[in-house]
Amino acid sequence: MLLPWLLWLAVLCPGGGGEAAFQGPTSYHVIQISSFANSSWAQNQGSGWLGDLQLQSWDSDAGRAVFLKPWSKGNFSEEEVTRLEEVFQVYLNGFILEVQDHAHEFQMEYPFEIQGIAGCSLHSGGGTVSFLRGALGGVDFLSIKNYSCVPAPEGGSRAQRICALIHQYAGIRDIAGKLLFETCPQYLLGVLDVGKAELQRQVKPEAWLSSGPSPGPGRLLLVCHVSGFYPKPVWVTWMRGEQEQPGTRRGDVLPHADETWYLRVTLDVAAGEAAGLSCRVRHSSLGGRDMVLYWGNPVSIGLISLAIIVPLFILLTVPTLWFLRRRSYQSI
């Protein structure tokens with residue numbers, strides 16, 4: 001039943017040479033989500049991801065991939081891309097039919113959802129590793145290791161039976177293994193090379209502090225905002241001196257439309273204990289130097305006052321000087 005699925009998920013996931021010096025995403029994976037409402041209705045969703053960056057989505061109506069970046073085909077030719085799209089389309093159609101035909105045999109009760117992820121990643125020491133995992137209703141079901149199907153303990157006897165079925169088809173398993181351990185690394189290394197200029201860009205974060213809704217009487221919610229940074233990995237925490245504050249709460253890293261990121265980190269403290277706290281930010285774009293923002297920093301208040309006073313001083317002084325100079329000319 002899962003043989004076509006295994007074949008498709010492996011299409012873009014191989015294992016060749018490494019590129020340890022690359023700074024940026026180092027893995028590629030494809031995701032499939034198949035929803036089955038009943039024995040006659042089902043829907044597939046597919047996407048391809050380079051790290052956290054989506055490169056492809058699957059247009060099920062057109063039966064083709066939608067490439068979201070000019071370089072997201074990597075170094076594959078148009079003929080190779082077309083061949084892979086044909087494989088995907090045949091697989092997706094066949095997968096739905098196979099699952100519906102065997103749903104009763106494997107005791108799958110409608111509605112249910114099947115998720116799959118497969119890909120490959122570079123190792124820092126060189127080389128690549130490939131992976132494939134399947135889940136049923138969000139619970140681990142099976143994986144592929146060393147060309148073999150391994151049932152997950154959570155999958156019970158049903159996962160064992162499906163893996164036993166897969167092992168009977170050595171020819172298909174070998175083809176899937178070749179795709180998994182050769183094609184994916186080829187694609188990964190190619191797309192990292194073609195998209196290098198964009199993938200290796202560094203955008204420095206902007207950061208500011210604010211207070212959130214009071215957590216309770218006599219307490220403050222300190223908020224550290226970090227925005228506009230790229231790439232995604234970032235370290236942000238509240239500090240007192242050199243001590244990290246254990247109550248620091250980190251939100252989700254959220255995307256901006258320009259593909260930079262935003263993070264909100266909070267700390268609940270007693271109002272009298274806020275003085276001396278700081279928010280520290282570490283990001284690859286900062287050249288090894290931390291960005292530190294101090295809560296209630298008097299220097300910051302002084303700078304704000306200076307920013308108001310200087311323009312006001314200029315506004316009042318310039319007309320006065322002009323008037324005095326004009327009078328001196330008239331008196332001559």
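Helices (H or I, at least four residues) and strands (E, at least two) are DSSP runs, numbered from the N terminus. This is a predicted model, where local features need pLDDT of at least 70, side-chain atom pairs count only at pLDDT 80 or more, and totals for chains, interfaces and linings use all residues. Residues are numbered from 1 along each chain as its sequence is written, and side-chain values use heavy atoms, with hydrogens and water left out.

**View 1. Gln32 sits in strand β1 (residues 27-38).** Gln32 has 0% relative accessibility, so it counts as buried (under 20% relative accessible area, with exposed over 50% and partly exposed in between; 1.4 Å probe, protein chains only). Its side chain makes a polar contact with the side chain of Tyr91 at 2.3 Å. For such a contact, a pair of N or O atoms lies within 3.5 Å; within protein, one must be able to donate a hydrogen and the other to accept it, and residues adjacent in sequence count only if both atoms are side-chain atoms.

**View 2. Here's an open sheet of 4 strands, in the order β12-β11-β16-β17.** The pairing is antiparallel (two strands pair if DSSP finds at least two bridges between them). At the edges stand β12 (243-244) and β17 (291-294); each has a single partner strand, so one side of each is left without a neighbour in the sheet.

**View 3. Zooming in, β16 (residues 277-282) pairs with β17 in the antiparallel sense.** The two strands share 4 bridges. Look for Cys279: its bridge partner in β17 is Leu293.
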